Amino acid sequence: MNLSPFTEEHDLLRKAVADWVDTEIAPNLAEWEEQGDFPDDVFRRAGELGFLGLAFPESAGGQGGDYWAQVVFLEEVGRVSQAIAMVLSVQTDMATPPILEFGTDAQVDRWLKPALRGELIGAIGITEPDTGSDVASIRTRAVRDGDEWVLNGSKMYITNGARAHFVTMVVRTGDVEEGNPWSGISMFIVDTGLPGFEVSQRLEKSGMKLSDTALIYMDDMRLPADSLLGVEREGFKQIMWELQGERLGVSVFGVAGARAVLAEAVRYAREREAFGRPIGEFQAVSHRLAEMATEVEAVQALVHECCDLWNRGVYATELVAMAKLAVGRLSNEVADEAVQTFGGAGLVEGSFISREWLGMRIGRIGGGSDEVQLQILARIMGIG
Amino acid sequence: MSGLEPLFREEHESYREAARTFVANEIAPHAERWEEARDFPRELFAKVGSAGFFGAKFAEEWGGTGPDYAAEAVWIEELSKGLTHGTASDLGAHSQLAALYLDRFGNDDQKERYLRPSIEGRLVGALAVTESGAGSDVDGIRTRARRDGDEWAIDGSKVFITNGSWSDYVVVAARTSDDPGHANITLFIVEGDTPGLERNRMRMIAWQTSHTGELFFDDVRVPDGNRVGKVGSGFGHLMANFQWERLMMSLGAVALAELSLEMAITYARERSAFGRPIVRFQVWQHRFADLAVRIRTGKALTYQALRHHIAVEEGTAVPREQLVRLTSMAKLYTQRLAWRVADECVQVHGGAGALKEYPAQRLWRDARVGPIGGGTDDIMRNVIAGTMGLGAV
């Protein structure tokens, strides 16, 4: 019985990613968070090192690995920062997979290949100021005009939104047909260099401060016909497909983050003394951390089962929703217990624990809130 | 090859089918009657035995069909859906505890006399460790065995012994030395009709069909040939097998949780309030979905622990600490979970949740044993904390 899903090749990859993360990412995180920004060069370096296309086929500019290679990448990045994991995962698990899945060869050459090299930065555009989880209610609209599409509307909470070269976006291109509330939606690759695209606001957030989360605005933007991604009016189905990989990706780096935060709390509990002994020797503290470790192992097992299905090509909607929900809750719970273990030191700005505690709160909201996952599951169970 | 190695193969699916059919025919239809009578017929052991369901984890040499621990897990999962957990506990104490100890630590003579007939279901076994003054704290047991020529004389008492009031034999842990350290406990096979052994059946609020017993030993004479393993080896044997027992409990708890959730949803579909079935209320939909996630998570953890057990049995080098850690985690996670799901199942039943005619209250009572038996939740937390380099004061 083989106990690890990873092969020796994956272990070597893990070492390579860990080296990059520990030398080029981790030492800068405090500064980047403080500045509310990070250099584009992170994408270029990741691309150079071959980390942005690990599970993409070589024909599309990827490394041709399996999904476990992507899992390795997300776990190693998630270990040091949920924020940097999020911006990279937007690139690798959200903005680009739909281009491979639904795009033409020309779109693959124009957008996907440079994105996997880290030369182009992508974002995913779903949420709007007035609609988030309820995707069918989006109002951003594209109207066909000869060879072009005219795009008007706005998208909210767009990670990488201020720096993206393209946004993989869901847009309304027709009215809702009777009996099909998901109709009339299409997907586009929106070139942010075209006139009419504007970053209205870089949003100031409580957590994941290094990432540029933006409100973007499209005003009579004229998109060439080949901006349409996939089939016209099939956009809802396409974005639902995208969301599975997105949710699994955030689950993978989320559980890695929870594990890292817990390890840090355990380390601290063994060092910090109070009342004449390390606080980890108090049974109450040790039991709380044992509980957290149990939750981490359990959710890790669930996430890896889900990755296994995904890797074998199973479109595991139920397990993905379960993993997303379980990880969002787990990381919040573990991070909060870590803050408690650290005491005052857990509230110092710029520390690993306080930073991740702030960032992890986004996990229960982004990519479909806890409530949306529960509703999806209820529907799958035949009760919703 | 990358990826998770599947636990179950095709032959396990047909084994599952056979186990399901057996439980559906021989156990589930009688559950209500047995529970009402707080008893089940002793012939069930022979039926299970002749159908081969005691044999999966034992070698053919002794009448088994294995060892195949994945098949054993399948049997436990299906048995736990038979709606009578006291019955499942008696069958489990016989096979997962008594018989397994003999298989692991007994000599050929003991295996011939006790293991083979146990696998066939002709003899019923129990394991006696817990005492009124020592449960999770195994070191604290006071029942004592004194060497006297070719015999051992046992004095003391045991409590909460599953199958203990009616078993044909009991594997008893007794103190054979007062030296410090762990080499002071030895296991003995004591036949049920040995003079000096008195047994009572205990009245419990859970596992009511189980023959949970209180045992009193007054100069009970056991031949040295019934000593299991070396003198002083008992503590090690107990610690080794605790892991398997806890894993089996985890599999059972997940199955009980699945059953409770299913039962709760069925009721919520049928029962209406405020003009619609209560399953139409979003709070119940989300609560059910939430429980489903936790059950699936607990199952993933339990299966991960099972993978480790199978790897160990196959001879793969697995650090003992990793096995103990994962197994303790699975037990901790799943026992509380099963009780919690069963509690929500009672809740959705409203007043009917307290009625004896509905099995909801029984699952709820039965699930309450989980966080206590086989090492309490707090013991699991101690063990897990220990593997993290955290002490306990």
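In the predicted model, A:Glu76 is buried, with a relative accessibility of 8%, where buried denotes under 20% relative accessible area, exposed over 50% and partly exposed the range in between (1.4 Å probe, protein chains only). Its partner in a salt bridge is A:Arg79, at 2.9 Å from N to O, a salt bridge being a side-chain nitrogen of Lys or Arg within 4 Å of a carboxyl oxygen of Asp or Glu. A:Arg79 is partly exposed at 27% relative accessible area, and both residues belong to helix 4 (residues 67-80) of chain A, where they are 3 residues apart, about one turn of the helix. Helices (H or I, at least four residues) and strands (E, at least two) are DSSP runs numbered from the N terminus. Over all chains, the structure holds 66 salt bridges.

Residues are numbered from 1 along each chain as its sequence is written, and chains are lettered from A and ligands numbered from 1 in the order in which they are written. Because the model is predicted, local features need pLDDT of at least 70 and side-chain atom pairs count only at pLDDT 80 or more, while totals for chains, interfaces and linings use all residues, and side-chain values use heavy atoms, with hydrogens and water left out.

A further salt bridge pairs A:Glu297 with B:Arg325, the closest N and O atoms being 3.5 Å apart; since A:Glu297 lies in helix 9 of chain A and B:Arg325 in helix 9 (residues 320-349) of chain B, the pair joins two chains. A:Glu297 is buried, with a relative accessible area of 15%. The axes of helix 9 (residues 283-311) of chain A and helix 8 (residues 282-313) of chain B come within 8 Å and cross at roughly 90°, the axes being lines fitted to C-alpha atoms over the stretch in contact, with angles from 0 to 180 degrees between N-to-C directions.

The largest nonpolar core has 219 residues, and A:Trp20, A:Ile84, A:Leu88, B:Trp75 and B:Phe288 have the most contacts inside it; such a core is a set of buried Ala, Val, Leu, Ile, Met, Phe, Trp, Tyr and Cys residues joined through side-chain atoms within 4.5 Å. Helix 7 (residues 234-270) of chain B supplies the largest share of this core, 18 residues. Neighbours within four places in sequence aside, A:Leu88 is in contact with residues including A:Trp20, A:Phe43 and A:Phe73.

Technical notes. Contact = heavy atoms within 4.5 Å.
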